Amino acid sequence: MIDLHTHSTASDGCYTPEQLITYAAEKKIKAIALTDHDTVDGILEAQETAEKCGIEFIPGIELSVQWPTGEFHLLGIGLQTASEELKSTIEFLRQERDNRNRKMAEKLQEQGINITYEEVVEKAGTKTIGRPHFASLMIEKGIIKLRQQAFDRYFAKGRPCYVDRTGLDLELAVKAIKSSGGIPVQAHPLSMYISWGKLEDKIIEIQGTGVEGLEAWHPGIRVAEAYRLEELAHKLGMIVTAGSDFHGEKVRADRKIGHTAGKSTIEDKYYYEELKPKLSGRKFEL
């Protein structure tokens, strides 16, 4: 098995980068990409651990892109460094995330829930704070019992503490990834909430900005949809990738490392045939 989409405590996963790679080794993963949200902070630790464990490691990132419908995430696969463009991009997203989190904390207090942003930061132990960190503190304080309840009651779109996210311009996100030696791949494209009838034209438009691949295989979709996305990617001459979007059992217990749509194992062809020939054994250096 391989896995081209995972997260660690550097963003909103529950395993440290070292723990994630060790866990992947235990699960017989042959190649793994760390793609934390809007940060490269965990890459060096994961890369060092992968060398010790004998796992092929692919440095990556997942950037939030501004989009009118649903959500748009852009994976950067095979980063070689953090260019000045990528660093400024990460800083912009950090500031926007910080503003959003402060507003969510204010809305919680308006709902009579005594949680401050400073408390969330202290408990999270990471610079990349998100709604899962709010949920963890709410569980700790006995406000909710299950993490999903935080989203269902407070943080999902339309709920009282939801705040819109500000993302990147797509072309700037592509430039930041390419200037760092990475390959831009659109993560879980069905999250844009675009109908199948309009999807091909939209993907062609996205491809025109420099996006080179589609994550056709993701646990949030059905197997038939994954095959359909893979067929579309190949028709357009795009790379096909597959991932679990693994965050750890405490965050998303339904997502298993090395598994994707329909709980199927991720075939190694999505790395060794689709991606590796373009990466040529890249190693990340700051």
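The briefing below covers the sheet, its central strands, the pockets and the cavity.

This is a predicted model, in which local features need pLDDT of at least 70 and side-chain atom pairs count only at pLDDT 80 or more, whereas totals for chains, interfaces and linings use all residues. Residues are numbered from 1 along each chain as its sequence is written, and side-chain values use heavy atoms, with hydrogens and water left out.

**Sheet**

- Seven strands make up an open sheet of mixed pairing, ordered E1-E2-E3-E4-E5-E6-E7; strands (E, at least two residues) and helices (H or I, at least four residues) are DSSP runs, numbered from the N terminus, and two strands pair if DSSP finds at least two bridges between them.
- At the edges lie strand E1 (2-6) and strand E7 (239-242), each of which pairs on one side only.
- From one strand to the next, the twist averages 30°; angles run from 0 to 180 degrees between N-to-C directions, and axes are lines fitted to C-alpha atoms, for helices over the stretch in contact.
- Helix H1 (residues 17-26) lies across E1, strand E2 (31-34) and strand E3 (56-65), and runs at about 155° to E2; contact means heavy atoms within 4.5 Å.

- Six bridges pair E3 with E4 in the antiparallel sense, and Gly60 stands opposite Ile77 in E4.
- A hairpin is formed by E3 and E4 with six residues between them, and Gly70 in its turn has a positive phi of about 55°.
- E4 also runs antiparallel to E5, joined by five bridges; in E5, Ile183 is the bridge partner of Ile77.
- E5 (residues 183-187) and E6 (residues 213-217) run parallel and are joined by two bridges, with Leu214 in E6 as the bridge partner of Gln186.

**Pockets**

- A pocket is an open set of points on a 1 Å grid over the protein atoms alone, with protein on both sides within 12 Å along at least five of seven lines, and lining residues have an atom within 4 Å of a point.
- The largest pocket holds about 1400 Å³ of space; a volume is the space filled by probe spheres set on the points, which are joined across faces, edges and corners.
- Its lining comprises 42 residues, of which Glu71, His73, Arg131, Phe151 and Arg165 lie nearest the centre.
- H6 gives the largest share of this lining, four residues.
- By class, the lining of the largest pocket has twelve nonpolar, 14 polar and 16 charged residues, where Ala, Val, Leu, Ile, Met, Phe, Trp, Tyr, Cys and Pro count as nonpolar, Asp, Glu, Lys and Arg as charged, and the others, Gly among them, as polar.
- The second largest pocket holds about 280 Å³, and H5 gives the most to its lining, with five residues.

**Cavity**

- The structure holds one cavity of 30 Å³ or more, a cavity being a set of points where a 1.4 Å probe fits but cannot get out.
- The largest cavity has a volume of about 80 Å³, and helix H3 (residues 84-110) supplies the largest share of its lining, four residues.
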